Amino acid sequence: MARRNAAVPFFYIWVFISCAPLVVLGVLTVSTFWPYPALLPETISFEYFRHVLFESPHTWVAVRTSFFLAVATGVISTCIAVPAGKALAHYDFFGKGFVKILVLVPLIVPSVAVSIGNQISMIRLGLTGTFLGVVIIHAVFALPFAIRIMNNVFEATGDKLEAQATVLGAGALFTFWRVTMPRIVHGLVAAFTLSFTLSIAQYVTTFMIGGGRVITLTMLLIPHIRGGQTHIAAVYSVLLIVTAVISLALMEYVVRRAYNFGNVYFT
């Protein structure tokens, strides 16, 4: 009990350390004059929000593009990760250990190197500068995480119930939907959420494959940081965070209502 009570202050300290940059970011969005070493800005205005939200012609296009890119990346990564994770968890085949390592290659090799290799292939296929090309490159970097998550989920759940359903005469589709799905839904949500988050934060891959034609929030954010326009960059950062949080909250709500698995996992 004493050890637990001693851990509480450390928990709140780490929460404060984690949230402090977000507080500074929020203050930057409304501060027009914040001289050093003043603790708080001397003048406050919402002109940066007005410029980003109502005067910039690219903002809402970037929000929409970022959202649909992240959703498409999450769907593709999760759909591929389910059979891949099941195969790695339940089946033995030649080169299984090598495949597990190969899946992690996009994480081991620098993203620029992977993007250059993919860019050459996409140029030949005519996918550079297209929405589909950016989705594919985002999925390349999201897949290792999604497959790893689903692999661990299938290893933890096992396949005994699926085997019993098959023995009792259930078909493959019925077994997957009524037996497997309720047991792996938490993994699906985790894989989709992580893929969504990784996609919405991508910059280098979006720039290289999108070629400046696919405009996302990060594509608008980074140039302002490089140009020293920290206040505008802070507004885009807040907008990026809000977009991700609202999107993920809506998705969690949809999953709860559609599958009614709240008592199984979400509580």
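Modeller: This is a predicted model. Of the 267 residues in the chain, 37% count as buried.

Biologist: How many helices and strands does the chain have?

Modeller: The chain has 13 helices and 2 strands.

Biologist: And what does the C-alpha trace span along its principal axes?

Modeller: About 75 × 65 × 35 Å.

Biologist: Now contacts. Of those with a separation of 6 or more, what share is between residues 24 or more positions apart?

Modeller: Such pairs account for 69% of those contacts.

Biologist: Changing topic, how do you look for holes inside?

Modeller: Rolling a probe the size of a water molecule over the atoms shows where empty space is left.

Biologist: How many cavities of 30 Å³ or more does that give here?

Modeller: The count is 1 cavity. The space in the largest cavity is about 80 Å³.

Biologist: Which residues line the largest cavity?

Modeller: Its lining consists of Leu88, Lys100, Val103, Leu104, Pro144, Ile147, Arg148 and Asn151.

Biologist: Which helices supply at least two residues each to that lining?

Modeller: Those are α4, residues 96-103, and α7, residues 131-157. The most comes from α7, which gives 4 residues.

Biologist: And what is the lining like by class?

Modeller: The lining of the largest cavity has 5 nonpolar residues, 1 polar residue and 2 charged residues.

Notes: Residues numbered from 1 in each chain as written. Predicted model: local features only at pLDDT ≥ 70, side-chain atom pairs only at ≥ 80, totals over all residues. Heavy atoms only, no water. 1 Å grid on protein atoms, 1.4 Å probe; cavity = no way out; pocket = protein on both sides within 12 Å on 5 of 7 lines; lining within 4 Å. Points joined across faces, edges and corners; volume = space filled by probe spheres on them. Nonpolar A, V, L, I, M, F, W, Y, C, P; charged D, E, K, R; others polar. Buried < 20%, exposed > 50% of the residue type's maximum accessible area, 1.4 Å probe, protein only. Contact = heavy atoms within 4.5 Å.
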